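Dear colleague,

I am handing over the structure below, and after it I set out what was found. Please read the notes with the coordinates open beside you.

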Amino acid sequence: MKLHGTKIPHNKNTADKAPVALPMPAEVVIPMSMHIGRPAKPVVKRGDEVRVGTLIGEADGFISAPVHSSVSGKVLRLEDIRMSSGAFVTAVVIEPDGNQTPDENIKPPEVTDFESFVDAVRESGAVGLGGAGFPSFVKLSVRDLSAVEVVVINAAECEPYITSDTRTMLDKTEYIFKGIDALKKYMGVKKFVIGIEDNKGQCVRRLNEFCSKTEGVETYVVSSVYPQGGEKVLVYNTTGRVIPQGGLPLDAGVIVINVTTLAFVGEYLETGVPLVSKVVTVDGTAVSEPKNVIAPIGTPIKDLLSFCKAEEPSKILYGGPMMGIAVPSADAPVLKMTNAVVAMDEKEATPPKTTPCINCGRCLTHCPLRLDPRAISRAYKLKSGEDLESLCVDLCMECGCCSYVCPAKRPLVQTNKLAKAALRDYKSKKEDKK
Ligand code: SF4
Ligand code: SF4
């Protein structure tokens, strides 16, 4: 049996649109936290000259990532900006000189073994580009390499509108396979499965051309039923392996890596250019000319929206409409893990009217993990940590299928997020009492 969620409109309007470069922004705002873990520490000050790829923030601790300048120009100031999480983070604001001069230290890394490979991935500033933002070198810092039995390459790109991974697969196929070669050579991985949905025929054909010349790599085509790109879902549907509750893919012998992250690693090993720009899909009901845009990291989103002729959006998201996060304002910058900016018109952005639950059970039957969002909502309302624990709300991957299918338009995924926080609190209080 495969894990499924629900059928949703794909709206992949930009799949055939090759990325186009955005005109140089007037300034870029580069936050020191574009990853899970501790923010980077700024190593530049007002007035400093920087180039493309100059280190502007060094990693602070093991779970952290360095940050590089995406433009050549002058540092205008360091300021605290509010991120979509609500937290304030220091950002380096740079005025581009328009020349995009590369930093003179940029050169391909010297990689000879596993340690130097992991070091190179750390220096590149790579983080999970599928939206997770977890520092990639941490994921690859495996103590026992024999535990990695298969690498699942996440090419499902199941969120509506987003086609930036699709463009990677079509435009940077060589680099995906250079990344695969590196994982083979330095980590000893022998088996790779590229999990991809059946609505991306062109990508499947392109990838299969390369697979036929590369030992140990195959595509696994899954039905385009959302959320195939969910880590637990994709691992199970492509390998039959189950990631244990509270565990990591590695506990099931698997590393999961997003296809664009892998292509970036392959490209970095060849060029030494760190993570400084992104292909961002700009689409949504408020966008007149949807495009895939190549933007320096730190570019204000309003520049992308004006380039794609967005009409006064009522709501702007980082990411797609199912799992995307609302941005605090159109001044918010493109981050390392920004794969899409979706701008909604008033009609799409207006939350539907909520009515009482009719106990239809659709939320349960469409949950890919067979959780019971209706019971979770009840337990959350009753503040029952015990019930939330037994209902396994911590497994919820916040895919939004339950909210999408609910005829009463209950805010189920929103409640689940709050319920997960309540369960963490309950568990930590339980630990304290021991
Ligand atoms: S309960 Fe969580 S995992 Fe299940 S459908 Fe809802 S959001 Fe997705
Ligand atoms: S889908 Fe909505 S109405 Fe149906 S049981 Fe779940 S919460 Fe209730």
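To begin with one strand pairing, β3 and strand β5, which covers residues 55-58, pair in the antiparallel sense over two bridges, and in β5 the bridge partner of P42 is G57. Please keep in mind throughout that this is a predicted model. The pairing of β3 with β5 belongs to an open sheet of three strands in the order β3-β5-β6, in which the pairing is antiparallel. At the edges of that sheet stand β3 (41-42) and β6 (67-68), each with a single partner strand, so one side of each is left without a neighbour in the sheet.

A second open sheet is made of four strands, in the order β11-β10-β9-β12, and here the pairing is parallel. Its edges are β11 (217-222) and β12 (254-258), and because each has a single partner strand, one side of each is left without a neighbour in the sheet. From one strand to the next, the twist in this sheet averages 25 degrees.

Within this parallel sheet, strand β10, residues 192-197, pairs with β11 in the parallel sense over six bridges, and F192 stands opposite V217 in β11. Strand β9, residues 150-154, also pairs with β10 in the parallel sense, in this case over four bridges, with F192 in β10 as the bridge partner of V151.

β13 pairs in the antiparallel sense with strand β14, residues 291-296, over six bridges, and K278 stands opposite A295 in β14. Three bridges also join β13 to strand β17 (residues 340-344), and these two strands run parallel, with V282 standing opposite V341 in β17.

The loop between β16 (325-326) and β17 holds N339, a residue that is buried, with a relative accessible area of 10%. The C-alpha atoms of N339 and L129 are separated by 7.2 Å, although the two residues are 210 residues apart along the chain.

Turning to the ligands, which residues surround ligand 1? They are C367, P368, P373, C396, M397, E398, C399, G400, C401, C402, V413 and N416. By class, this shell divides into nine nonpolar residues, two polar and one charged, and the helices α13 (401-405) and α14 (412-433) each supply at least two residues of it. The space that ligand 1 takes up is the largest cavity.

Around ligand 2 are C357, I358, N359, C360, G361, C363, R374, C406, P407, A408, R410 and L412. The shell around ligand 2 has eight nonpolar, two polar and two charged residues.

Most residues other than glycine have a negative phi, and most peptide bonds are trans. The peptide bond from Y226 to P227, however, is cis, with omega near 5 degrees, and P227 has its place in the loop between β11 and α6 (231-239).

For K383, phi is positive at about 55 degrees, and the residue is found in the loop between α11 (373-381) and α12 (385-390). Are these residues buried or exposed? E312 is exposed, with a relative accessible area of 76%, and K383 is likewise exposed, with a relative accessible area of 73%.

With best regards

Note on methods. Residues numbered from 1 in each chain as written. Chains lettered and ligands numbered in written order. Predicted model: local features only at pLDDT ≥ 70, side-chain atom pairs only at ≥ 80, totals over all residues. Heavy atoms only, no water. Pairing = 2+ DSSP bridges. Near = heavy atom within 4 Å. 1 Å grid on protein atoms, 1.4 Å probe; cavity = no way out; pocket = protein on both sides within 12 Å on 5 of 7 lines; lining within 4 Å. Sits in = over half its atoms within 2 Å of the grid points. Nonpolar A, V, L, I, M, F, W, Y, C, P; charged D, E, K, R; others polar. Axes fitted to C-alpha atoms, helices over the stretch in contact; angles between N-to-C directions. Buried < 20%, exposed > 50% of the residue type's maximum accessible area, 1.4 Å probe, protein only.
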